[in-house]
Every structure is written in C-alpha cells, then in structure tokens.
Amino acid sequence: MSDNFRSRAVTEGLERAPNRAMLRAVGFGDDDFTKPIVGVASAYSTITPCNAGLDRLAKRAEQALKQAGAMPQTFGTITVSDGISMGTEGMRYSLVSREVIADSIETACGAQRMDGLLAIGGCDKNLPGAMIAIARLDIPAIFVYGGTIKPGHHQGRDLTVVSVFEAVGAAGAGRMPPDELLEIERRACPGAGSCGGMFTANTMSAAIEAMGMSLPHSSTMAAVDQETADNAARAAEVLYQAVHARRLPRSILTKKAFENAIAVVMAIGGSTNAVLHLLAIARAAGVQLALDDFEAVRKRVPVLCDLKPSGRYVATDLHRAGGIPQVMSILLANGVLHGDALTIDGRTVAEVLQGVSPNPSPDQDVIRPWDRPLAPSGHIVILRGNLAPEGAVAKVSGPGNHEITGPARVFDSEEACLAAILAGAIHGGDVIVIRYEGPKGGPGMREMLAPTAALVGAGLGDAVGLITDGRFSGGTHGLVVGHVAPEAALGGPIALVKENDSITIDAAGRELKINIADRELAKRRAAWTAPAPRYTSGVLAKYAKLVSSSSQGAVTDA
C-alpha cells in the first residue's frame, strides 16, 4: 500500500480536509477515501481509427474498478495518426508524441498521487508512451490495447493501409490504373482499430503482452469485437488486485521480460520500431538494454508467423490461430523464453502458458511450428560499419535480396526521395540515402513508408537498397536500413556520403559501409558543417535540443 493510499485511509487530520473537499466535488463520499485511487489514462480520439473505439474501453474499465472497490479517475492523453501524417511535415510530430504521452501520464499520476494506473492506447506511439510512463512512475499498472482493425477486402485479397501506399507506387509507375487505386483506398480501412498487419502498434501490443504488462490474448483482438471491452474490465480487476498486492511494474519489467519481448518480436516478424521503443522503455525502467541484446536474441529465435507486411496474414488471423500465447508457448518449449519472468497478475510466464500446446494447430498456417519456420533466425538485424559506428537497424523479412552494393542516390529529405521514385529516376541496383531525418535533424525521425512503399509498388522492392537516419513504418519491407547512428545532423558518416559513392548493405555480414578510403572520409568530415535547424521554436525545437541518439532509444530525459 502506497504512502498516499495510507494517508487517505486516515480521514482524521485537518491537513487532508482540502484534498477531500476537492474530491467530493467529483463524486467521492465519506467511505471512498479509504479506497485506492486508480488513474484511467485514455488516448481516446477521433483523430485516427486506431483510437476511435477507446472511449468504450475506458468506461468499461472505470465501471469495473468501481465494482472492485477502487475509485477511478479518468483523464485523457493525446494521440496523432502516423498513417494520416505519413509522408508529410506532420510526421515529424509522431515520435515526439511518444514523449508527450509519457510526460502527460506521468504528470497526471504524479500530481494526483494515484495508487494505480490503467492505460489505454491504440496508435503506434500510445503504447510505448504509456509504457515509459508506467516504468517511470512504478506504481501498480496495466496496459489495455484498443485492438486491431479488421482487414479490408478487394478482389479476393486482404487489405491494410499499407496496401494503399503500395498502390500509390504502382499507379505512379503505370502498373495500376487510377480507378483501382481509388477502390483500394475506399476499402482498405473498414472501421476502428490500429493498422491490421504486424506493423508497429500490433508489434508493440505483442511485446507488452510478452513482458507481462497486459493480459494474455489481449494484443491481437479486433477493436470492434466485444472481447476488447471484456478485456478492459478484466484488466481493471487484475489491476485492483495488483494495487493491494503492491505488484510494481519494475518487478515485472526486468531484463528477462525485455528479452522475452524481443524474442516475440522476432518470432512474429515485427516492426523495427520495437528496437527504438523497447530501448526507451528499458531506460525508464532502469534496465540495461542495448542494440547488441537484440542481435543476441535474433540469432536464436526463428520467424514463425506469416504476417503482413512481408507475409500473407493480418493480426486478426494470428488471434484466431492462438495469438501471442501460442507463439510464446512454442518459444518456451524450445528454450528461448524466460518462463520464470513475472506478469501483472502475479503468475510467471510459464504458469500463464500452462495448457497452451507448444504445437500450433495443423488447421492453420499463420503460426509455423518450430521445426518449419519462415526463417531460421530473426528478421531485425543490427548492422555496424563505417557508415554506422553506433549501429543501424535492418529489416530482412521476406525471401528477397539481403545484400547489395551500388551507387548512392543521396537525398536530404523524404520528399525529395519520393519525388525521384515517382518520376522513375531510381533504378535497380541503386542504394538510396535519405538523411537529415534523424531524431535531432528531422527533427522527429520520420518514418519512410511513402518511399519504401513506392519502391515496392514500382516493382523495385528487392532491387533497390535504402538507408536512412530516420526510421520505418512497421508496414515497410524490402532491403531497408534505418536508425543509422550517429545521425547526419550530428555529423555522422551518413552526412558525408556523395552521389554515386559505392555503398554496401550486407545483412548476413551485419555490415553497412561506404566503399571509400578512410582518408577521404576524414577529409569530408573536416569540411562538413551542420545545417541550420529546421525549427527554432515550439515543441519540435525543444525536442531537437533534448533528444538522444536512436541507438539509445531517442529519449528526451537522458
């Protein structure tokens, strides 16, 4: 029981009277001051379909907390839509929103001295933002995912929002008529929920479930289904028990929990953004996690799930096939998961997975058995070399090419690169360099989904390499390398690349290099000058001053 919970239980004392008076105005009665106050942080918004259904979950959780014996206090936090802002100046605010969400939840709970926290989120940055706050606060907490969108359909195939981005590339290359692009646009997003493939939101929901901070099966539910509301109510009950048991997040968010999350991300073919976000959450939790930890787990965990963007299925298919508990059971049975890690309901991972067969059902092919994986090792590879001394993150999912050496096509912004792709100026064998899009230089480390999807749509997804100090949408696939550090704005080697320099991406060799002499690179470094910042006031300027390297999670409180 927290100190503030104890102090409220003592209704005597003149010093507490003003506090109680304020709480009476929002519905507290005499008996309620002995109950734990639990914050319900909701990212409900109609800005994006990812968050449009969260209000009903917040209300259901609030009701369940009251029935359990707590006093819930609901408050809001912001969201932005990555999908809507993608490819625009607005995308610079996306990663910034992660910090705003974390700061706002921490601020509300810290100021009100809450005894517990139930955080509800949908869009990509809601999830790590809430988890950073949970780790900082270290009060009993649970995360509730708003759920995934159901797939759209067109001409016998499932659609996601990435289908639209790729259709733009196909139409731009003359490979798709405009009326078909319009039909795909109309049908891709049929209702509420986060983007349907194993993109960033679904990747992070899976990671949070794997870490034990949300309930089993909750990370792959469809947003519009009844089970999401039922899960919110059950989460409220579990949180109430955790408050009384003083079950704290930092006792759950251990190094083992993060290694479990990384293992699940590798097995499901998840987003490269998981690297950035797990590093940031770990820092908030006081856990030493580094890029090399991802590489260590990658080597021993195969890709087991055939999920979009590089595979065939969407998150709701994974849910029907057994969800994350089925994946975790396979990993546990084969010795690559920590079964003794704790979860929010007090059980260990092994206890949670009791009764879940380590053999996926033969009636589905979304989840492969251990001995028949899609790939023998994980798809997120950490590269280093003279272009990325601090590291870079490559995504090598799918059967395509994982190595290329070619002439650099250099762009100092995403927009310039996209224009070149749509104009047919990029050719097979090229290695695109998009720089000054890092955490500081962007600022905000935009996702390069528009260029990568345009490459796929133009039939160049396996024929062109792309490196950037920005990052990628979870919907990106192909021969792509992001998070190149140090970033260009700090004078990292990526800032020194010139048009037609020879660049090598070697995922198997875990190397990213520019094929020029060291003395030439040193000469260029001596001549380099930092560009003027794009923003000099407001939140983006503030973010650029505070943010750390992507190799450290791009946190703002380092």
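Leu118 touches Val38, Gly39, Val40, Ala41, Ala61, Ile142, Val144, Ala232, Ala235, Ala236 and Leu239, with residues up to four places away in sequence left out of the list; contact here means heavy atoms within 4.5 Å. The model is a predicted one, in which local features need pLDDT of at least 70 and side-chain atom pairs count only at pLDDT 80 or more, whereas totals for chains, interfaces and linings use all residues. Residues are numbered from 1 along each chain as its sequence is written, and side-chain values use heavy atoms, with hydrogens and water left out.

Leu118 is also one of the residues that, together with Ile105, Leu117, Leu278 and Leu331, touch the most other members of the largest nonpolar core, which holds 111 residues. A nonpolar core is a set of buried Ala, Val, Leu, Ile, Met, Phe, Trp, Tyr and Cys residues joined through side-chain atoms within 4.5 Å. Buried denotes under 20% relative accessible area, exposed over 50%, and partly exposed the range in between (1.4 Å probe, protein chains only).

Leu57 is found in helix H3; helices (H or I, at least four residues) and strands (E, at least two) are DSSP runs, numbered from the N terminus. Leu57 counts as buried because its relative accessibility is 0%. Not counting residues up to four places away in sequence, Leu57 touches Ile120, Val144, Tyr145, Gly146, Thr228, Ala229 and Ala232. The C-alpha atoms of Leu57 and Thr34 are separated by 26 Å, the two residues being 23 apart along the chain. In the loop between strand S1 (37-42) and helix H3 (54-68) is Thr46, which counts as exposed because its relative accessibility is 66%. Thr46 and Val80 are 34 residues apart along the chain, and their C-alpha atoms are separated by 10.0 Å.

Helix H9 packs against two other helices. Two packed helices are described by the angle between their axes and the distance between the axes. Axes are lines fitted to C-alpha atoms, for helices over the stretch in contact, and angles run from 0 to 180 degrees between N-to-C directions. The axes of H9 (residues 200-210) and H13 (residues 273-285) come within 10 Å and cross at roughly 45°. H9 and H13 are therefore oblique to each other; angles under 35 degrees count as roughly parallel, over 145 as roughly antiparallel, 65 to 115 as roughly perpendicular and the rest as oblique. In this pair, Thr200, Thr203, Met204 and Ala207 of H9 meet Asn273, Ala274, His277, Leu278 and Ile281 of H13. The contact of H9 with H13 has five nonpolar, four polar and no charged residues, where Ala, Val, Leu, Ile, Met, Phe, Trp, Tyr, Cys and Pro count as nonpolar, Asp, Glu, Lys and Arg as charged, and the others, Gly among them, as polar.

H9 and helix H12 (residues 255-268) pack at an angle of about 140°, with their axes 8 Å apart, and are therefore oblique to each other. The contact is made by Thr203, Ala206, Ala207 and Ala210 of H9 and by Asn260, Ala261, Val264, Val265 and Ile268 of H12. By class, the contact of H9 with H12 has seven nonpolar, two polar and no charged residues.

Helix H19 (residues 449-457) is mostly covered, eight of its nine residues being buried. These are Leu449, Ala450, Pro451, Thr452, Ala453, Ala454, Leu455 and Gly457. The buried residues of H19 pack against helices H7 (161-172) and H18 (414-422) and against strands S10 (431-434), S11 (465-468) and S12 (480-485). Just after H19, Gly459 takes a positive phi of about 80°.

Most residues other than glycine have a negative phi, and most peptide bonds are trans. Arg113, in the loop between helix H5 (92-112) and strand S3 (116-121), has a positive phi of about 55° although it is not a glycine. His217, in the loop between H9 and helix H10 (226-245), likewise is not a glycine and has a positive phi of about 75°. His217 is partly exposed, with a relative accessible area of 33%. The peptide bond from Lys308 to Pro309 is cis, with omega near 25°, and Pro309 lies in the loop between helix H14 (291-300) and helix H15 (315-320). Gly442 and Pro443 are joined by a cis peptide bond with omega of about -15°; Pro443 is found in the loop between S10 and H19.
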